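The sequence and the model are shown first, and the description comes after them.

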Amino acid sequence: MSLLVVGSVAYDSVKTPVSSRDRALGGSAMYFSVAASCLTDVSLVGIVGEDFEEAHVEMLESRRIDVSGLERATGKTFHWSGVYSTEDVNQRETLDTQLNVFEEFRPALNTKHSESDFVFLANIDPALQMLVLEQMERRPRLVALDSMNFWIEGRRDDLDRIVREVDLFFLDEGEARSYAGEANIVRAARRIQDMGPRAVVVKRGEHGVLVFDEKDMFSAPAFPLDSVVDPTGAGDSFAGGFMGVLAATGDISHDGIRRAAIVGSVMGSFAVQDFSADRLTSLTTEDIQDRFDRFVRLTQFDGFENESGFLSPAKSSGNLLRHE
Ligand code: AMP
């Protein structure tokens with residue numbers, strides 16, 4: 001099934017505790033589409049400037065990413081720069097954001113894009129996210145949204161409007177608390193679900209993700225890595241893996257959503273192992289399968305084989321109470 005992402009394509013200047021890189025290819029839609037392209041075909045709608053290198057367009061095309069919606073405008077490509085804390089690599093400070101051509105970005109969908117089954121509205125102005133939805137020829141099977149504090153604090157009404165329209169909402173733990181006005185993360189997620197989305201995916205950095213899907217709750221750890229080179233794009237690569245597998249399988253059941261959270265975590269874990277999308281673009285199917293299998297082993301455990309079912313997860317309901 002077809003998958004569309006609308007968001008930023010950027011050049012990032014990043015300093016991490018390990019190293020630094022200037023003008024690395026970045027942007028939410030870039031990370032998302034490269035990760036998703038490991039699983040399915042994806043279309044990217046975004047904007048770049050005259051300085052955007054042809055080699056980067058070719059890289060996207062070589063992954064069968066449809067870039068017919070990547071507009072080239074007069075001016076410079078969106079530029080973001082950030083530095084990660086040496087004490088806690090999950091903490092980053094934005095040093096500079098130059099919107100450049102992104103300032104005039106008005107996403108325009110062609111016929112193919114407007115008929116997409118799965119849509120990811122990456123972190124951009126919520127009014128633009130609404131503009132994308134309004135151009136859809138028919139209601140997509142699933143629409144997912146990402147946002148950030150900047151919009152929660154500055155464009156609350158526009159954000160509320162788009163949140164009402166989407167099926168899935170990806171956001172960081174702190175953003176979920178701030179958007180819901182609720183410190184307890186379970187209650188915060190439930191409150192956001194009440195605002196519209198069927199599911200809320202709370203990203204918790206190196207602590208993994210919590211997925212609230214209707215009444216179902218699922219927790220996936222982040223894959224433990226002994227070296228993180230650059231955390232930039234982890235969230236968008238997670239979303240790319242998540243939505244990529246939903247679009248590839250068409251399975252949006254509770255089990256499908258749980259599997260998507262693991263595939264998302266697999267892609268997020270690869271993204272942080274190098275700058276830009278360098279690790280993602282070198283992945284083989286075997287690499288992805290291998291890390292998926294490791295994830296299964298990481299979280300799998302057996303209960304006891306005993307008649308009462310005590311501490312036997314497969315027969316868990318009420319067992320612990322019987323032994324109290
Ligand atoms: P993540 O680490 O998943 O939050 O995504 C980082 C990416 O988001 C970087 O590659 C940036 O180019 C991009 N980015 C940073 N700030 C913004 C913004 N205000 N709007 C859109 N994209 C942004």
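The structure is a predicted model.

In general, nonpolar side chains tend to be buried together in soluble globular proteins. The largest nonpolar core here has 57 residues, and Phe242 and Leu280 touch the most other members of it. Among the contributors to this core, helix α10, which spans residues 254-271, gives the most, namely nine residues.

Which residues surround Leu280, once neighbours within four places in sequence are left aside? Leu280 is in contact with Tyr31, Val34, Ala35, Cys38, Arg63, Ser237, Met267, Phe270 and Ala271.

**Helix packing**

Two packed helices are described by the angle between their axes and the distance between the axes. Two such pairs are set out below.

| Helix pair | Angle between axes | Distance between axes |
|---|---|---|
| α4 (residues 126-134) and α6 (residues 156-165) | about 35 degrees | 8 Å |
| α10 and α12 (residues 285-299) | roughly 120 degrees | within 10 Å |

In the pair formed by α4 and α6, the crossing is left-handed. On the α4 side, the contact is made by Pro126, Ala127, Gln129, Met130 and Leu133, while α6 supplies Asp158, Leu159, Arg161, Ile162 and Glu165. Sorted by class, the residues of this contact comprise six nonpolar, one polar and three charged.

The axes of α10 and α12 cross at roughly 120 degrees, and the two helices are therefore oblique to each other. Here α10 passes α12 in a right-handed crossing. From α10, the residues Arg259, Ile262, Val263, Ser265, Val266, Met267, Ser269 and Phe270 take part, and they meet Asp287, Ile288, Arg291, Phe292 and Phe295 of α12. This contact divides into eight nonpolar, two polar and three charged residues. Two of the α10 residues that meet α12, Met267 and Phe270, are also among the contacts of Leu280.

**Residues with positive phi**

Most residues other than glycine have a negative phi. Arg23 has a positive value, with phi near 50 degrees. Arg23 belongs to strand β3, residues 20-26. With a relative accessible area of 37%, Arg23 is partly exposed.

Arg64 likewise has a positive phi, near 65 degrees. The position of Arg64 is in the loop between α2 (54-62) and β5 (65-72). Is Arg64 buried or exposed? Its relative accessible area is 59%, and Arg64 is therefore exposed, the cut-off being over 50%.

Val245 is part of helix α9, which covers residues 234-249. The relative accessible area of Val245 is 9%, so this residue is buried, the limit being under 20%. Apart from neighbours within four places in sequence, Val245 is in contact with Leu39, Gly250, Ala260 and Val263. Val263 also takes part in the meeting of α10 with α12. Between Val245 and Asp51, 194 residues apart in sequence, the C-alpha to C-alpha distance is 33 Å.

Gly250, one of the contacts of Val245, is placed in the loop between α9 and α10. Gly250 counts as buried because its relative accessibility is 14%. Its contacts, with neighbours within four places in sequence left aside, are Met1, Phe118, Arg141 and Val245. Gly250 and Leu142 are 108 residues apart in sequence, and their C-alpha atoms are 9.8 Å apart in space.

**Leu99**

Where does Leu99 lie? Leu99 is found in the loop between β7 (92-98) and α3 (111-114). Its relative accessibility is 36%, so Leu99 counts as partly exposed. Along the chain, Leu99 and His79 are 20 residues apart, and a distance of 6.5 Å separates their C-alpha atoms.

Key
Residues are numbered from 1 along each chain as its sequence is written. This is a predicted model: local features need pLDDT of at least 70, side-chain atom pairs count only at pLDDT 80 or more; totals for chains, interfaces and linings use all residues. Side-chain values use heavy atoms; hydrogens and water are left out. Axes are lines fitted to C-alpha atoms, for helices over the stretch in contact, and angles run from 0 to 180 degrees between N-to-C directions. Helices (H or I, at least four residues) and strands (E, at least two) are DSSP runs, numbered from the N terminus. A crossing is left-handed if the near helix is turned anticlockwise from the far one by less than a right angle, and right-handed if clockwise. Contact means heavy atoms within 4.5 Å. Ala, Val, Leu, Ile, Met, Phe, Trp, Tyr, Cys and Pro count as nonpolar, Asp, Glu, Lys and Arg as charged, and the others, Gly among them, as polar. A nonpolar core is a set of buried Ala, Val, Leu, Ile, Met, Phe, Trp, Tyr and Cys residues joined through side-chain atoms within 4.5 Å. Buried means under 20% relative accessible area, exposed over 50%, partly exposed in between (1.4 Å probe, protein chains only). Angles under 35 degrees count as roughly parallel, over 145 as roughly antiparallel, 65 to 115 as roughly perpendicular and the rest as oblique.
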